[in-house]
Amino acid sequence: MMRRPLVFGLCLFWALVTLFPLYWTLVTSLKPPTAVNGGPTYLPFIDFVPTLQAYRDAFSGIRGDFIAPFVNSSLISITATALAVLFGTMAAYALVRFEFRVRLLSGLIFAAVAIGGFVLFNEALGYSRAEAMGLAFAVSLPACLLANRLPLPGPVLGNNDVLFWFVSQRMFPPIVTAFALFLLYSEIGREGFKLLDSFLGMVLCYTAFSIPIVVWLMRDFLAALPVEIEEAALVDDVPRIRIFFEIVLPMARPGLIATSLITLAFIWNEFLFALLLTTSEWQTLPILLSGQNSYRGDEWWAISVAALFGIAPMMVVAMLLAKLMRSGLTLGGIR
Amino acid sequence: MADVRLQGVSKAFDEVTVIPALDLEIADTEFVVLVGPSGCGKTTTLRMIAGLEAASGGTITIGARDVTELRPGLRNCAMVFQNYALYPHMTVADNIGYGMKVRRMPKAEIEARIAEAARILGLEPYLQRRPKQLSGGQRQRVAIGRAIVRQPDVFLFDEPLSNLDAKLRIEMRTEIKSLHRRLNSTMVYVTHDQVEAMTMADRVVVMNEGRIEQAADPITLYERPANTFVAAFIGAPSMNFVPAQVTAKGEGLALRLEDGSELAIPPERWERYGLYKDRAVTFGIRPEHNAGGDTGAAVIRMTARTIEPLGPHTLIIGEAAGRGYTAQVDSHFPAAPDEMVPISLDMSKMHIFDPETGSCI
């Protein structure tokens with residue numbers, strides 16, 4: 001009997017703890033400089049007189065351009081999320097419904113031929129780095145596909161190993177890949193194809209780094225779908241690609257929405273890649289936010305406005321998608 | 001419409017052979033039921049006909065076409081699944097019409113076929129509903145409708161009634177049977193329920209451990225089971241098996257049970273069983289070929305353990321000659337648990353089986 005009020009009280013307390021920073025950011029953004037510097041104040045109209053000056057400053061651009069990074073962040077994160085969820089879900093579906101048998105040795109052959117081929121074409125035969133890379137890849141891919149068909153010795157990897165390989169890409173510290181990616185991008189840029197500080201470059205890297213998470217999440221969602229529904233369609237001569245798009249995806253809607261939300265949040269908030277791979281034109285919101293307190297000193301009212309710019313869109317998206325997800329859950333499978 | 005032929009079809013998962021080479025011919029317009037305990041390979045066989053499972057060996061022919069290597073969609077089969085397998089996000093009409101839409105059939109034709117299927121199955125009021133808003137029986141009708149509009153060479157049913165409650169199952173049983181008569185098509189039906197198999201099939205194929213134990217029409221299966229497996233599987237309650245010895249009695253033969261009781265074998269069987277004189281056999285008799293009392297020609301005494309009154313008759317479950325034994329007697333036959341009860345056997349309905357191989361003698 002006593003437990004319900006207790007639990008309710010604890011929940012309420014925790015809600016206050018989590019909501020307070022948001023409230024604090026919101027009221028700070030409405031404060032004039034004097035109200036910020038004169039000790040803590042909490043209630044607008046009582047503690048201090050609210051002003052929209054910080055918002056006016058932000059939109060007038062005296063604290064740096066807010067609009068462009070906001071648009072950049074939106075375009076990049078929406079495009080990369082869409083691509084990552086599409087390709088990641090396809091990969092997850094393949095891992096759930098088909099059996100893969102990859103010989104470890106054929107993977108090693110791929111690595112050896114690719115690296116050796118690059119050295120050979122670049123150092124010995126005098127091709128440029130990009131050409132050598134392309135040629136080495138063109139040789140190594142068929143070589144390893146062929147090798148996989150031969151009865152080679154050594155372990156044979158299955159679907160779970162492939163999944164682990166996907167997830168393992170997220171296990172090492174991102175800074176390791178970030179530097180490698182920077183070098184790769186600048187190398188490709190030297191060949192005349194601009195990837196650094198470009199929309200395409202950012203979308204490509206975020207898509208690539210989100211796919212492992214999407215595969216991992218979507219695999220469980222897809223594995224929970226009853227296979228008979230797809231088999232019924234197969235017997236009815238529905239092509240696999242239409243089964244995927246017209247039957248599997250609608251059934252996996254709650255999973256797709258949850259995964260999209262997680263991916264979108266990851267890309268929207270991502271800092272390290274954006275810091276290394278963009279300079280001016282395609283800078284994203286997190287880079288702008290991080291620059292705020294050094295730009296003109298600790299102007300907390302202005303920093304609060306910037307922080308709200310970063311938080312608000314994700315909150316709106318989260319609420320919309322959560323609503324969609326609930327309606328999707330009621331659709332569900334049929335038992 | 002077409003016949004289906006399986007020649008030496010086998011299935012192995014990795015190293016485990018679940019179906020050794022299997023031969024089965026299903027005639028055009030025949031209703032064949034594959035029945036057996038779970039894990040006997042009946043569903044795997046059906047899935048190999050559908051193409052959802054690749055055969056490890058042998059050939060599968062539908063009509064004049066060798067379909068062994070064909071993908072499921074090209075075999076022109078329609079399949080109905082145990083859990084209905086409806087597309088949850090589509091209406092009933094879309095569920096039935098989806099395959100035709102994918103195959104780019106003319107819209108008018110699609111609508112005509114949906115309407116026809118809905119009429120046959122009584123689904124007209126539900127065409128715009130989602131599967132979730134339907135009862136189990138209605139869902140299975142939608143699944144059948146989806147199969148009908150395909151106008152397939154062969155209908156495949158994979159335990160379609162197992163998820164329905166008992167009353168609905170009996171209704172759907174007759175419905176599928178009359179559908180077969182109406183469509184006059186080849187149907188292969190998998191079930192683990194021997195009553196379903198007996199009531200629906202033109203021919204029942206009893207499977208066990210990947211092998212066909214016997215394939216025959218229901219009455220033959222019941223009256224002349226090929227072996228103890230079929231004898232035990234078909235009929236409820238199950239046939240009684242008692243070890244016995246064939247002995248000479250006068251100029252004829254008799255069975256001597258382990259408790260010493262002797263049962264005269266009817267003269268018309270003397271010739272058939274002559275070879276087995278003085279040999280151990282398994283004597284089989286169905287519960288319904290027993291009667292209470294000692295008025296018959298062959299009488300045994302059984303110890304009653306449980307009395308199950310079913311209304312039209314009563315089952316006495318207990319032991320006879322040291323083995324579990326069930327007898328079906330008149331509802332008013334006096335019997336009480338833990339009493340010795342005399343039971344008369346109708347020896348014209350007896351079976352004897354080779355105790356080594358289990359096959360019928």
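In this predicted model, the centres of domain 1 of chain B and domain 2 of chain B, taken over C-alpha atoms, are separated by 39 Å. The domain assignment places domain 1 at residues 4-233 and domain 2 at residues 240-353 of chain B. Their contact draws on eight residues from domain 1 of chain B and six residues from domain 2 of chain B.

Between these two domains of chain B, about 600 Å² is buried, and carbon and sulfur atoms give 62% of that area. On the side of domain 1, B:Tyr222, B:Thr228 and B:Ala231 lose the most area to domain 2, and together they make up 71% of what that side buries. As for polar interactions, two residue pairs are in polar contact across the interface of domain 1 and domain 2 of chain B, while the count of salt bridges between these domains is zero. The elements that give two or more residues to the domain 1 side are helix H7 (218-223) and helix H8 (228-233) of chain B. By class, that side of domain 1 has five nonpolar, two polar and one charged residues.

In chain A, the side chains of A:Arg129 and A:Glu187 form one of them, at 2.8 Å from N to O. A:Arg129 belongs to helix H6 (residues 129-149) and A:Glu187 to helix H8 (residues 174-190) of chain A, so this pair ties together parts that are 58 residues apart in sequence. A:Arg129 is partly exposed, at 42% relative accessibility, whereas A:Glu187 is buried, because its relative accessibility of 15% falls under the 20% cut-off.

A salt bridge in chain B pairs the side chains of B:Asp153 and B:Arg65, at 3.8 Å from N to O. Here B:Asp153 lies in the loop between helix H4 (136-148) and strand S7 (154-158) of chain B, and B:Arg65 lies in strand S5 (residues 65-66) of chain B; the pair therefore ties together parts that are 88 residues apart in sequence. B:Asp153 is buried, with a relative accessible area of 15%, and B:Arg65 is partly exposed, with a relative accessible area of 32%.

B:Glu262 and B:Arg256 also meet through their side chains in a salt bridge, at 3.2 Å from N to O. B:Glu262 is partly exposed, with a relative accessible area of 33%, and B:Arg256 likewise counts as partly exposed, at 38% relative accessibility. In chain A, salt bridges that share partners join A:Arg97, A:Glu230 and A:Arg240 into one network.

How values were computed:
Residues are numbered from 1 along each chain as its sequence is written. Chains are lettered from A and ligands numbered from 1 in the order in which they are written. This is a predicted model: local features need pLDDT of at least 70, side-chain atom pairs count only at pLDDT 80 or more; totals for chains, interfaces and linings use all residues. Side-chain values use heavy atoms; hydrogens and water are left out. Domain bounds come from an automatic or database domain assignment. Contact means heavy atoms within 4.5 Å. Buried area is the accessible area (1.4 Å probe) that two parts lose on being put together, summed over both. A salt bridge is a side-chain nitrogen of Lys or Arg within 4 Å of a carboxyl oxygen of Asp or Glu. A polar contact is a pair of N or O atoms within 3.5 Å; within protein, one must be able to donate a hydrogen and the other to accept it, and residues adjacent in sequence count only if both atoms are side-chain atoms. Helices (H or I, at least four residues) and strands (E, at least two) are DSSP runs, numbered from the N terminus. Ala, Val, Leu, Ile, Met, Phe, Trp, Tyr, Cys and Pro count as nonpolar, Asp, Glu, Lys and Arg as charged, and the others, Gly among them, as polar. Buried means under 20% relative accessible area, exposed over 50%, partly exposed in between (1.4 Å probe, protein chains only).
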